[in-house]
Each structure stands twice: as C-alpha cells, then as structure tokens.
Amino acid sequence: MFETKSGVFFVAGLAFFAFAFLSNALVPHLMYRDLPEQTVAELVNGNLRYQFEDLAQRYPEPFQQVYGTPPAGDAADEWFDAKCAEALELGHDVYVGEGCWHCHSQFVRPVSNEDRRYGPVSESWEYQNELQRPVLFGTRRVGPDLCREGGRRSNDWHAVHFFKPTDLSPTSPMPQYPWLYDGASDKPNERGLALITYVQWLGSWLESYPYYEEYERLPLKDAELQAANSESGTGVAP
Amino acid sequence: MSAAISISPTAPATIDEHQLVDRPIIVAYFLAALTYMLVSLAGGFLMAFQLIQHNPLQGIELLSPGRWRMIHTNAIAYGFIANAFLGALHWAVPRLTFRPVFDRRLSWLIFGAWQVVVLSTAGGLMFGQAQALEWGETPVWIDPVAQLGLLLVAINFVAPIMRNTGPMYVTLWYFLAAFVWTFLTYAMGNFVPEYFVTGTSAGAVGGLFIHDLVGLFVTPLGWGMMYYFVPILLRKPIWSHGMSLVGFWGLAFFYPLQGIHHFLYTPIPMFLQYGAVISTIAVELVVATVIINFFGTLWGNGSAIVGNLPLRWFYTGMIYYFLTCFQCALQVTLTFQALIHFTDWVVGHAHLVMFGVFSMWLLGMMTYLFPRLLGVDWYSRKLSEWHYWLSAGGMLVMAGDLILGGLFQGWSWAALQPWEDSIAVSQPFWATRVIAGLAITGGQLAFMFNLYKTWQVSRHVRTKAAH
C-alpha cells in the first residue's frame, strides 16, 4: 500500500482527504444544521432601519437618486424594509469586493481583553445568514474588528471616513474610497450608501447595540417618514 | 541529468530526451510565472506603501490597495507558484516515468486555459468582484473553468505515471497525491462555503481550504521536486527511504486535518479546534523527519551548497521551511493564538512559507533549468548570486520584521491601548518591510535581466550554429 499507485491514490489521495473533510467540515455543519439560515430580508431590524432612514435624512438628494421617494402612508414601512435589504446586500458585496475583510475581522474572541474593547464574544447563531457565505471571520486586523461596529459612529462619520480616513483619524493607514461618492464626502453614491448601511448593520442584532457611543434618535424632518415610523413601531433604537 | 534516468529500472534502452520532454512549454510556463511574480510584487508594494501612508496612487479605484492585496496573494499562488510548478512538472514527470505527458496539445490547451484563469482572476479582483475567502476570491464565473483546468492537468500528468511499471519513486507519490488533492481542495474551497454551507460551518471549510491549498497543493509538489532534484544535484540517493515513507504518509494523514487552526477561538466547536491544534503539532514532527532526511543526504557534501547555486536555493528553502514549521508549532497553540492572531506575525509566517520556501525552491529550479532549456550557461554568475542573496536576505529580514512587529501589535491590543497606538507601534516594522520588499524585488529584476541576456546569448549561438 505505502508505495503503490493505488495506495497513494485511494488511501492518501482520497480516503485521508475524505476523512478530514467529514470530521472537520461535515461535523460542524451537522451540529449547526438546526440553526435557521436567515435571508437578507430577515436581517433588516429596527436598528438598521433607523440608520437607513437616517441616511435618507442626511443625504436626501443622493438617497432619492438611488432609491427614489418612499410611498405615502403604510406602504412606506415595507418600502424602507425592501430598500434597506437591497442596500445591505450591495453593501456586503462592496465590503467583500474592496477587500475590507482583509484588514478588518468580524469576530470577537474570548481572550486578549477583546470583549472589553469590542463587546460581547461572538456566537455561532450570529453567522447563520446569507451574508456569511463564505463567512467573514477574517484573519488580520490592520484596523479594528467590525462585528460590533454598527451604531458606534454616525452615518456622517462613516461618510467622511470612507471618503478620506485621514480627515478623521490622521494616522490611519486605511485607503480612500472616493469612487463610492459623487465627488464629495456628503454625496455618497449607491455603493457608498450601501456600504454605510452594511457597516451600521454589524452587531445591530444585539441588545448591546450601540455599544460605545450614546445614541440618540435624530428628529426626522420628513412628516411621512415620521408617520410611517410611529405606525410601524420600527426605526426606534432600543 | 543522467542520474535521473537511472532511477527507474523500466527505462527503455535508448530514449530521446528531446522527444520525452516538451521544452518550449517549460519556458512558456516559467516566463508566465515570472510575469505574475512582478504583478504580485506590485500588489504587495501598493499595500505596503499604503500602510506607511505613502501610497502615491491613492484614490484610484482600479489600483485600490484593498483589491491589489488580493491580486498580490492570488498572483503568487496561482500565477507564480502554479505556473512554475506546471513548468517544472513538464520536466520532471516525463523523466521519472520515461513517458511523455498524455498529450502535448492538451499541455498547450492547459497552458492557455490557466493563463485565462489567472488573468481573469486578477481582472475580476481589480474590478471588485471578489468572493470572501482567502485564495478563493476567484470570481464566481472563473471557478468552473479553473476546476476543469485542474482536471486536465491531472489527466495529462497522471497518465504517464499510471503507465509507468516498476516501483514508484518518492517524487511520484507526492505528485500523484498532489493531483488528487489539488482538484479536491479547489472544489471544496470554491463551491462548498459559497453554495452549500454558511456561517461557522463555512468558516471550518474555509479554514480547510486556505490550509490545504498550501499543504496539499504547494507542499507535496514542492517536496516531490526536492526528492527529484536534490539527489540529482548531489549525485547520491536520498539518505533514508524509511524516513521518506514517514514524511509522505505523515503529511498525507495529518495535513488535511489542520485547517480549523486558522480560526481558533471562533464559534467553531472547541473539540474541533483542539483536534486541529494537535494534528498541526503532529505534522511538525513529521516535518522534522523530512528535514533530517535531506540534511542526512547532504551530510558529507555540505560544501556543495557553496558552489552549486540551485542546491543552495533548495537548502535555504528547507531551512526556512523548518523555521516556519517550528514557528507554526508554537503559534498554533491557544496560548500563542491569544496574542498573535490577527497580527503581522501571521503575515510574516505566510511570506516565509510562500516566498521563503516554495518560491525560493521554484527560483532554484529555474536557475537549474534555464541553462538546460536555452542550451547556454547563465550570462552572469554574479547576477545569479545577487538574485539569491537579495531574495534570501530580504525574506529573512521581512519575515523576522513582521513576526516581531506582530508581537508588539498583539500586546498593544491586549493592553487596551487606543487603536492608533497599535498603528504607531507598527510603523517602523512596516517601513522595514518595504525595504525588505525592495531588496527582494531587486533580486527578481536581476534574475530577469540575467535571463534576458542569457536568452540573447542563446539566440546568438543558435544563429551561429545555423550558419
């Protein structure tokens, strides 16, 4: 067996590989098979809706250009949910395509004081959704972990930061992303709005959201939005 | 060269070496490999200059350091290492089996297809179409083509191996297994976590993939080549056949079991994490036997590595291999992980493996093979020496620098210092890395210039012969 073609091909090549795959990949899959996998639409929650509507307030023209105007009355709620899911999905694609995940991890470990810096240690159910195909654990932190980032900073902060990180954090080695804007940091384009939505989503499913900053709801200027929110009860931060 | 032919007892009485080995395709693969080496270096520099806040090409979408970081890693794995290995396989497999590859037209089809795969990967990444798995970023639409290409590669090289009667030399164990493993690994990484599993389980598969790509594609091909070239260059057999057996079967069993060690302290079940840690430490013992075997082979001929440049490349790579595996046995423990995970320590480790070991072996093979492919000796021995010293020295500095820098980053984070402090503490290490990178690049440019001049000489010799 040890020096024959069939031994090398079947035992080393196929059998050992299969053994490793079954024990290391199939076992966790079976263990977590009862955790439901959430769709993108199911991932939209009150916290995220709040941030998304906040984007509509702060960047009315770019927002309208990309998503149009919300319908009046009850339909607004559904409309915002749908657009928010759309933004979240595109934001994820931008996050992946720009390689954000090569410098920012998305899991908090139970060691090295990480729960004190970032928030609660990551758990398996948090990753059971469509946006974790493949999972965005990450392997390197040039910048901080982002899985508890949502709600810590305002949409304005993110808009300026993605446009030119050194304006907010002078020693930041993070690259600029001007192509997510139409020329200025207060004019995020479709991808820009989507990426901000995605980052604000990270950790929005936890009660501890937002973890760091005191977080106050902004007065919504638009009467229709206000009406839609008070009726649906969403869009209010916990 | 003649030593290789005496390995198998099934050698036909007379054999035309030029009919056996397709030389032009080896040259084509090596030139493609070196081109991607330059692409990879360019990507590395974009990111390296970005980190020290001196990126002159800031704000250009298609040259974004984030995207080019992915091109950097993909170009070295699929562009340089895969192409160079395919070239070297076209030299080694026919000589070990006394049979040409399955079909020479298929060889060129594979060559073309593989360049399409690598170029489309680079292009797709440049235009922001990545998938979220390291080395699996390959855009969705290229995956099936790459998978088919790997199948054809396996057919082309496994055919002569299967037709070979008589005992199989160690190299062929590694090659045969590598063709199976590479195909399976690519399929596992590029389809399973994207389409079949999600979340934590996808993390487990992703860990297996990034690990197996090194362990089951690059490593067996690399060691297979070492078992082939080193005895030829030293003109003596491998020291211990038993140890060769231990090395191969130890790798085959333990290597595939380690992938999860890339994601320790994640929500992946703890018993699987422990399993990965234990298999990793086990494989370091196996590695030690392989290293002992090769140094046992060198024993008594140590001075050969002074004069014989390819041999020096090979043994330097082996020393780096031992260092990086020893490093791995330490860093894989949960104690070390708490400190060094997410830091440049790991980046240093990755560079030591992919450049310090496998790229250096492949550059050594090119140093050995180009004179044989072109029919003339190297234009300048001095340039070859510069190539070696700048590569080996630059790599040592880069790896040492990043490994050390990683410790400081880890301590800064654990001490809950503001994030900016961990950036500030990294700056001198990042600056040193740029300098080491420049040295390595200088070495490769010296090599390429030397190659160009050698080719000129060979052309001159050929035209003279024609007259």
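In chain A, residues A:Asn155, A:His158, A:Ala159 and A:Phe162 of H7(A) are in contact with A:Gly192, A:Leu195, A:Ile196, A:Val199 and A:Gln200 of H8(A). Two residues count as in contact if their C-beta atoms, placed from the backbone, lie within 7 Å. The contact of H7(A) with H8(A) comprises five nonpolar, four polar and no charged residues. Here Ala, Val, Leu, Ile, Met, Phe, Trp, Tyr, Cys and Pro count as nonpolar, Asp, Glu, Lys and Arg as charged, and the others, Gly among them, as polar.

The model is predicted: local features need pLDDT of at least 70, side-chain atom pairs count only at pLDDT 80 or more, and totals for chains, interfaces and linings use all residues. Residues are numbered from 1 along each chain as its sequence is written, while chains are lettered from A and ligands numbered from 1 in the order in which they are written.

**Helix packing in chain A**

- Helix H7 of chain A covers residues 155-163 and helix H8 of chain A covers residues 190-201; their axes lie 10 Å apart at an angle of about 125°. Helices (H or I, at least four residues) and strands (E, at least two) are DSSP runs, numbered from the N terminus. Axes are lines fitted to C-alpha atoms, for helices over the stretch in contact, and angles run from 0 to 180 degrees between N-to-C directions.
- H7(A) and H8(A) are therefore oblique to each other. Angles under 35 degrees count as roughly parallel, over 145 as roughly antiparallel, 65 to 115 as roughly perpendicular and the rest as oblique.
- The crossing of H7(A) and H8(A) is right-handed. A crossing is right-handed if the near helix is turned clockwise from the far one by less than a right angle, and left-handed if anticlockwise.

**Contact between chains A and B**

- Chain A contributes 59 residues to the contact and chain B contributes 70 residues.
- On the side of chain A that touches chain B, the elements giving two or more residues are helix H1 (5-31), helix H5 (75-97) and helix H6 (114-117) of chain A.
- H1(A) supplies the largest share of that side, 16 residues.
- The side of chain A that touches chain B consists of 30 nonpolar, 18 polar and eleven charged residues.

**Chain B as a whole**

- Chain B contains 16 helices and zero strands.
- With a radius of gyration of 22 Å, close to the 23 Å from the globule rule for 467 residues, chain B is as compact as a globular protein of that length. The radius of gyration is taken over C-alpha atoms, and the globule rule is 2.2 Å times the number of residues to the power 0.38.
- The C-alpha trace of chain B spans about 70 × 50 × 45 Å along its principal axes.

**Domains of chain B**

- Chain B is assigned domain 1 (14-166) and domain 2 (342-467); the bounds come from an automatic or database domain assignment.
- The C-alpha centres of domain 1 and domain 2 of chain B are 18 Å apart.
- Domain 1 of chain B gives 20 residues to the contact and domain 2 of chain B gives 17 residues.
- Helix H3 (23-51) and helix H4 (65-97) of chain B are the elements that give two or more residues to the side of domain 1 that touches domain 2.
- H3(B) gives the most to that side, with twelve residues.
- The side of domain 1 of chain B that touches domain 2 of chain B has 18 nonpolar, one polar and one charged residues.

**Packing of H3(B)**

- The axes of H3(B) and helix H14 (residues 344-374) of chain B come within 11 Å and cross at roughly 135°, which makes H3(B) oblique to H14(B).
- H3(B) and H14(B) form a left-handed crossing.
- B:Arg23, B:Ile26, B:Val27 and B:Phe30 of H3(B) meet B:Met366, B:Leu369 and B:Leu373 of H14(B); by class, this contact has six nonpolar, no polar and one charged residues.
- The axes of H3(B) and helix H16 (residues 419-466) of chain B come within 10 Å and cross at roughly 160°, which makes H3(B) roughly antiparallel to H16(B).
- The crossing of H3(B) and H16(B) is left-handed.
- Residues in the contact of H3(B) with H16(B) include B:Leu34, B:Met37 and B:Leu41 of H3(B) and B:Trp430, B:Arg433 and B:Val434 of H16(B); the contact has ten nonpolar, four polar and one charged residues.

**Backbone details**

- A:Arg133 and A:Pro134 are joined by a cis peptide bond with omega about -15°, and A:Pro134 lies in the loop between H6 and H7 of chain A.
- B:Gln53, a residue other than glycine, has a positive phi near 60°; B:Gln53 is in the loop between H3 and H4 of chain B.
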